[in-house]
Amino acid sequence: MKRFLLLPAMAFALCLNTQAQENTDVNKFRQLGTELPDANNYRTASGAPGHDYWQQQADYDMKITLDDANQRVYGEETVTYTNNSPDELRYIWMQLDQNKRDLDSDSYKIQGSTIDDRESIKNVMEMEPWFDGGFKMDYVQDASGKDLPHVINKTMMRIDLPNVLKSGGKYTFKIKWWYNINDRMKLGGRSGYEYFEEEDNYLYTIAQFFPRMVVYADNEGWQHKQFLGGGEFTLNFGNYKVAITVPSDHIVASTGVLQNPKEVLTAEQRRRYEKAKTADSPVMIVTEEEARENEKEKASGTKTWVFAAENVRDFGFATSRKFIWDAMGVQVGDKRPMAMSYYPKEGNPLWEQYSTKAVAQTLETYSKHTIDYPYPVAISVHTKWIGMEYPMICFNGGRPEADGTYSERTKYGMISVIIHEVGHNFFPMIINSDERQWTWMDEGLNTFCQYLTEKEWDRNYPVRRGSARNITDYMGGDKSNIVPIMTNSETLKQFGNNAYGKPATALNILRETVMGRELFDYAFKEYSRRWAFRHPAPADLFRTMEDASGVDLDWFWRGWFYTTDHCDIAMTDVKWMQMDTKDPQVEAAFRKEADANAPADIAKLRDKDGIPQTRLEGDPSIHDYYTQRDIYSVNTLDKQEYEEFLASLTDEEKEFIKGGKNFYQITFENQGGLVMPLILEFAYADGTSEIRRIPAEIWQRNNEEVTKVFVTDKEAVQISLDPMLETADCDVSDNYWPARPTPTRFEIFKEKEGGRRGGGGENPMQREQRNKEAEGK
C-alpha cells in the first residue's frame, strides 16, 4: 500500500480524463449497421412483424401406407397452396428431403474419406452408397388428374404451373410416391426403423416421408438450398389430415389428434385415454404386459389411423406393435394439453418412470418463458439413441441395460434429450425460424430453454450446456476449428458447440449478467409472442431483445455471434493506496511503521560485519542537521500548516479524509478480444465481502485496456475477477489479487496386460447389486 497526494479539483479531473483516448482501430461497440438487413413494411426496425408481413400456407390431405413386410412407405397427398405474398408465382418448389438417401445424392459425394492400413469391412462397404432410399415418384398431377410438368433437382422439385398463381390465389395438386425405409441402426438418420431380431419386430419412426412445400418468404424468396444433412428444415404452416394404414396390431403415435379412436382403440384403451386427460400423473393406456402379448404374434390385417393437425409446419409419426403407451394432462394457462410417451419394453424402467413427466415439465417451463403451449398433445417416442423433433411428436434415445439397470449418464441423457426434443415444439415448430440457413436460431434458443427446464427438474441437475463455465474450452480453443455462430448450417465446425452450446450460453449470460432476469425474461417472451407461428430471422431476435428491454446489445451480438473472440480478461496491475491525510502526526507514524516493515537490505546486513566502522561513525565533525534529525518528529510549523489545511476544507471533505478510505487502482487487459462486464469480488480483512459490477461499456473508449479505481471502506485481502465464472473467461489464472494458483486433478490408473486401463465396465447400479450380494454371503 502507498499514500497519494490530494490535488485541487481541476487537476483531479485531468487525471480521470487520461483514459478518454479512444482506440479507433477496432471499435467493438460500433452499431450493427450493414450486418443487419434494412427494416421495411414486412419486418420493422423494432424487430416486430411489419404491417404488411405475410407468409404462405400449405395444407395437406394424405393417405399413407406402411409396408411392414418390405419396410416401405407408400403415399398419396393432395396439397393446397395459398399464395399470401404480393407476388405472382409461375412455378412452385417442393422439398424432397428423402432424396438425401438417393444413390446419386450429393450428401454422399461431398463426404471426405480415407483408408488406413487396417479398415473394418463396414467402413469399406459404406464408402460408396448401397442403400436406395430416395423418393420414387409415381405422378405429379393437378386436381383433375392431369400430369404437371416438373423438374427434380436432387432434393428439390420445381412444379411449373399451368397458369400464374396470383396474390391471394390457391392452387391444388396431387403427388403419389413411395420409398424404402432405412435401417436407422445401420445407416443412421433422423427417421427409419429399428429391428428387434429376437421377436422379428420393427419400431418405425417416420419423418420427412412426403414431398413438402418450400418456404417462399419476404426476406429470402424461395428457400431452396439443397438438403445435405446438416441444415435441417424450412417449412410452411398449414393444416393436415393424414390417414396412416399399418398392421392391425400396431399402435400409432402421431402429430395431431386421433380422429377415429373407436375404429383403432379398444373400449378399455379409450376409457384409459379419457382418464389420462385429467390425470396429474401418467395413466397407462397400453400396459407393458399388454405390449408383451401384442408383440408375440403378427396380425395379418391392417387398420387405418386418421389424424388431424391445425397450424403445424410438418408431420411425423411412429408405429410398432411393441409400444407401451402412457399419458397425462398438463395445465398450461387455460388449456390442458396431454403429455404422452410411447416406448417398447426395452425402455423400461426408465421410460415409464421419467418420460411423460419430463414432457410435462418441458411444457410448463417453456410456456413460462415463451408462450403457452398451443397444441393439444406433446409426445415422446423411444428410440435407442437418436433425438429428433416434429410438431407434437419427437423421437428420443435413452435405453437401460437388458437387466434394467442404467448409468447416471444414461438416465440424465434420456431426460435431457426428451426436454430438448419436446422443447423443439417451441423452437422452431412454433417460433418458426429457418433451420436450413441458421441452425442456432432453433438449437441455440432451445438449448437455453432446456437449461432452464433442467434446473426446474432438479436443482443439482448435471447441466451440460448453458452455463458460462462449460463453454470456455471451446471458445478458448484452436481458432482454426471455430467459426462464428452467424455461419450457414452446412459449413459449421464443431456443430454442437457452435449451434447449441455457445448461443445457449450467450443467452444465459445476457439473462444473468448483462441484462438481468427481469429485462431479459420480458424481452425473450416478447420475441416469442411476436414471432409465434411466423418466420423470424436473426435480426428480428436481435432487434426485439433491444426494443423490449431498452438495452443496447449491438456490442454483445457482434462479439458473441459475428466473431470467434473469446473472453479472457486479466488483472494485470493492482495498486492499493490511501490518501495522505496531511496530519503530520498520522503521516509520521505511517512512514515509521512502513519503514520498520520494509524488507531488509541484504548489503546492509552483510556490511555490519564487512565494515567495522564508517567514516561518519568515526568522525563526529562531519555530522550536520541531516544526519542528526529525527525524520519522524513533528514540529510546530508542521502543525500550523495542517491547521491551515483543515480550515480550507468543508465539513464533508473533513469527514471523507477521516474515513480512512482504501483505493484500489486496477488495470484490466482484454486478452481474448471479447468485451464483457467486469465483475469483482472484494474479500475484506474482517471476513466480509462484496460484489462490484461494471458494465461492458467501460471498454467503449479502449477495447484493449482499461484502468479503474475502486474505493472501499475496508481493507481488501483478496480481489477476484469473475468470481462466479459468469462471463466465460477462458483463463482465470490472472483473475486474482494477490495471485493464487488454481489446482486441477489428474487421473491415475494401472495398466493391465495388453495396455488396457484397469476398472470394470459395469454401471453403478450393477455394482451396487454385486455389493448387496457380497454383503449377503
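This is a predicted model: local features need pLDDT of at least 70, side-chain atom pairs count only at pLDDT 80 or more; totals for chains, interfaces and linings use all residues.

Handedness first, as I need it below: a crossing is left-handed if the near helix is turned anticlockwise from the far one by less than a right angle, and right-handed if clockwise. Helices (H or I, at least four residues) and strands (E, at least two) are DSSP runs, numbered from the N terminus.

Residues are numbered from 1 along each chain as its sequence is written, and side-chain values use heavy atoms, with hydrogens and water left out.

**Entry 1: the whole chain**

I found 22 helices and 31 strands in the protein. The C-alpha trace spans about 125 × 80 × 60 Å along its principal axes.

Buried means under 20% relative accessible area, exposed over 50%, and partly exposed in between (1.4 Å probe, protein chains only). I get 49% of the 777 residues as buried. For contacts I use heavy atoms within 4.5 Å. Of the contacts between residues at least 6 apart in sequence, 75% join residues at least 24 apart.

**Entry 2: H14 against H15**

How do H14 and H15 cross, left-handed or right-handed? I have the crossing down as right-handed. The axes of H14 (residues 538-547) and H15 (residues 554-561) come within 10 Å and cross at roughly 145°. Axes here are lines fitted to C-alpha atoms, for helices over the stretch in contact, and angles run from 0 to 180 degrees between N-to-C directions.

From H14, Phe 542, Met 545 and Glu 546 meet Asp 554, Trp 557 and Phe 561 of H15. I sorted those contact residues into four nonpolar, no polar and two charged. For that sorting, Ala, Val, Leu, Ile, Met, Phe, Trp, Tyr, Cys and Pro count as nonpolar, Asp, Glu, Lys and Arg as charged, and the others, Gly among them, as polar.

I checked how covered H15 is, and eight of its eight residues are buried. Its buried residues include Trp 555, Arg 558 and Trp 560. They pack against H10, H11, H12 and H14.

**Entry 3: Glu 546**

I stayed with Glu 546, which sits in helix H14. Leaving out residues up to four places away in sequence, Glu 546 touches Val 551, Asp 552, Leu 553, Asp 554 and Trp 557. A polar contact is a pair of N or O atoms within 3.5 Å; within protein, one must be able to donate a hydrogen and the other to accept it, and residues adjacent in sequence count only if both atoms are side-chain atoms. The Glu 546 side chain reaches the backbone nitrogen of Leu 553 at 3.2 Å, and a polar contact of 3.4 Å joins it to the side chain of Trp 557.

**Entry 4: H8 against H10**

I have H8 (residues 350-369) and H10 (residues 440-457) with axes within 9 Å, crossing at roughly 115°. This crossing is right-handed. Among the residues making the contact are Tyr 354, Gln 361 and His 369 of H8 and Asn 446, Gln 450 and Trp 457 of H10. The contact divides into six nonpolar, seven polar and three charged residues.

**Entry 5: Asn 488**

Where is Asn 488? I found it in the loop between H11 (472-475) and H12 (495-514). Asn 488 is buried, at a relative accessible area of 16%. Its side chain reaches the backbone nitrogen of Glu 490 at 3.0 Å. Not counting residues up to four places away in sequence, Asn 488 touches Lys 225, Arg 436, Gln 437 and Trp 438.

I noted a cis peptide bond between Phe 427 and Pro 428, with omega about 15°. Pro 428 lies in the loop between H9 (408-423) and H10. Another cis peptide bond joins Trp 737 and Pro 738, with omega about -10°.

Asp 722 has a positive phi, near 55°, and is not a glycine. Asp 722 counts as buried at 3% relative accessibility. Ala 728 has phi near 65°, and its place is in the loop between S30 and S31.
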